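Colleague: I would like to go through this model with you, one local feature at a time. Please give the cut-offs as the terms come up.

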Amino acid sequence: MKHKDSIHAISTQLTKLGRNPDMQHGFVNTPIYRGSTVVFNTVDDLENSRAKYIYGTLGTPTIESLETAWSEISGAAGTVLSPSGLGALALALLTTLKSGDHLLMTDSAYRPTRTFCSTLLEKFGVEVSYYDPLIAEKIVDLIRPNTSTILLESPGSQSFEIQDVPAITKIARAHNIKTIIDNTWATPLFFRAHDHGCDLSVEAGTKYLGGHSDLLMGLVTANAETWPALRQTYDSMSMLPGAEDCFLALRGMRTMHLRIKEAERRGLEIAQWLLEQPEVKQVLHPAIPSCPGHDIWKRDFKGSTGLFSFILHPEFEKPALEAMLDNMSLFSMGYSWGGFESLIIPFDCSEYRTVTTWAPGGLALRIQIGLEDMDELKIDLRLGLDRLNRWAHS
Ligand SMILES: *Cc1c(COP(=O)(O)O)cnc(C)c1O
């Protein structure tokens, strides 16, 4: 796997980027620089900012290592960091929107992003409306004179629709509208958002970059045209993650390609196994043909990761589902994902969708495949489905 503008394959890049042993006494990794104050030697240096680093909020070697490495693997002009994925989405939206603007947002967006828009952005006079994630070039009909931003997320949170990103960004560009994508699921390793025309791309580093369920982090990358505005938004708020978290993100980056390739292999194996279980009505996994937008996934993505959903047959109701989920032994119930442990949660998009109908015809579950033994994971799921059956037919 080699990105078009790099001389090295991605795996080599991930080992080389963002560190300089010559600058750190030969030690392999960039250390944790903690610091607010940077001191200057002369008045002239102080008054003319003649130093590589000026003040802690404006950057440290640890922060800069992560930013430059992430820009390189994303094919971006620049990166800013945030203490959470949601914080990164807020930074991106505050960069392209102002009072009086209109935001078009996919109905499949991560729910807290919707909440940010419908509470904070509306309070500051931004109009927010939603569109069908599968709309593709027909989005042109929803553009208003004051539309300044389109927010995409592909695949959609929980429901996994793959969007026609190039079709939407092409129309946005023609109308002078900025595009922001939440690219957390695929990461820049499997979907190069800027190559597909997105101006800003957001990654919740909390997921596959951290990779161990012990880090909260967000990253926003920008193309050359949008980079100065993004950096200005960031500098005006100084909402930055702590030094130790930047170090953990850099550490996670070194093995990220191995982890997501393994997540892909495992996710696909369990998705295919689930398709064969009689209790399962549908599997929503971008690499499986029954997923809405599968053909676009094949066209645009370099791979799939370890998070997907599946739908049960309608005969199974909530109490049966509780009997299944309350007694799992390896799968835990929890939000977030991208760590080493397997997770499963029930969900219902109809609680918040506004312009599309979520009626999958059965209870829905989202699953994240971790690094446990595959046969043991299948046994845990099979026993869970047996409990579901027993409850439904008792
Ligand atoms: C988890 C997640 C986020 C938010 O990340 P946090 O670090 O938890 O704030 C944003 N978008 C998607 C798609 C996510 O899965």
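Colleague: In which loop does Pro-155 lie?

Modeller: This is a predicted model, in which local features need pLDDT of at least 70 and side-chain atom pairs count only at pLDDT 80 or more, while totals for chains, interfaces and linings use all residues. Residues are numbered from 1 along each chain as its sequence is written, and side-chain values use heavy atoms, with hydrogens and water left out. Helices (H or I, at least four residues) and strands (E, at least two) are DSSP runs, numbered from the N terminus. On that numbering, Pro-155 belongs to the loop between β4 and α6 (165-174).

Colleague: What is omega for the cis peptide bond that joins Ser-154 and Pro-155?

Modeller: The bond between Ser-154 and Pro-155 is cis. Its omega is about -5°.

Colleague: How are the rings of Tyr-208 and Trp-337 arranged?

Modeller: Rings of Phe, Tyr and Trp (its six-membered ring) pair if their centres lie within 6.5 Å; planes under 30 degrees apart count as stacked, over 60 as edge-to-face and the rest as tilted. The search of the whole structure finds 5 aromatic pairs. For Tyr-208 and Trp-337 the centres are 5.5 Å apart and the planes at 75°, so the arrangement is edge-to-face.

Colleague: How many residues apart are Tyr-208 and Trp-337?

Modeller: Tyr-208 is in the loop between β6 (200-204) and β7 (218-222), and Trp-337 is in the loop between α11 (318-325) and β10 (343-347).

Colleague: Is Tyr-208 buried or exposed?

Modeller: Buried means under 20% relative accessible area, exposed over 50%, partly exposed in between (1.4 Å probe, protein chains only). Trp-337, at 9%, counts as buried. Tyr-208 has a relative accessible area of 3%, so Tyr-208 is buried.

Colleague: What kind of pair do Phe-347 and Trp-358 make?

Modeller: Phe-347 is in strand β10 and Trp-358 in the loop between β10 and β11 (364-368), 11 residues apart. Phe-347 is buried at 10%, and Trp-358 is buried at 13%. Their ring centres are 5.7 Å apart with planes at 35°, so the pair is tilted.

Colleague: Which residue lies over the face of Tyr-130?

Modeller: A charge sits over a ring if NZ of Lys or CZ of Arg is within 6 Å of the ring centre and within 35 degrees of the ring normal. At 4.0 Å from the ring centre of Tyr-130, the residue is Arg-114.

Colleague: With which residues is Leu-134 in contact, leaving aside its neighbours within four places in sequence?

Modeller: Leu-134 lies in the loop between β3 (127-131) and β4 (147-153), and is partly exposed at 44%. Contact means heavy atoms within 4.5 Å. With the neighbours within four places left out, the partners are Glu-161, Ile-162, Pro-292 and Gly-293.

Colleague: What is phi of Ser-238?

Modeller: Ser-238 lies in the loop between α8 (227-237) and α9 (243-275), where it counts as partly exposed at 27%. The residue is not a glycine, yet phi is positive, near 50°.

Colleague: What is phi of Ser-336?

Modeller: Ser-336 is found in the loop between α11 and β10, and is partly exposed at 30% relative accessibility. Here too the residue is not a glycine, and phi is positive, about 60°.
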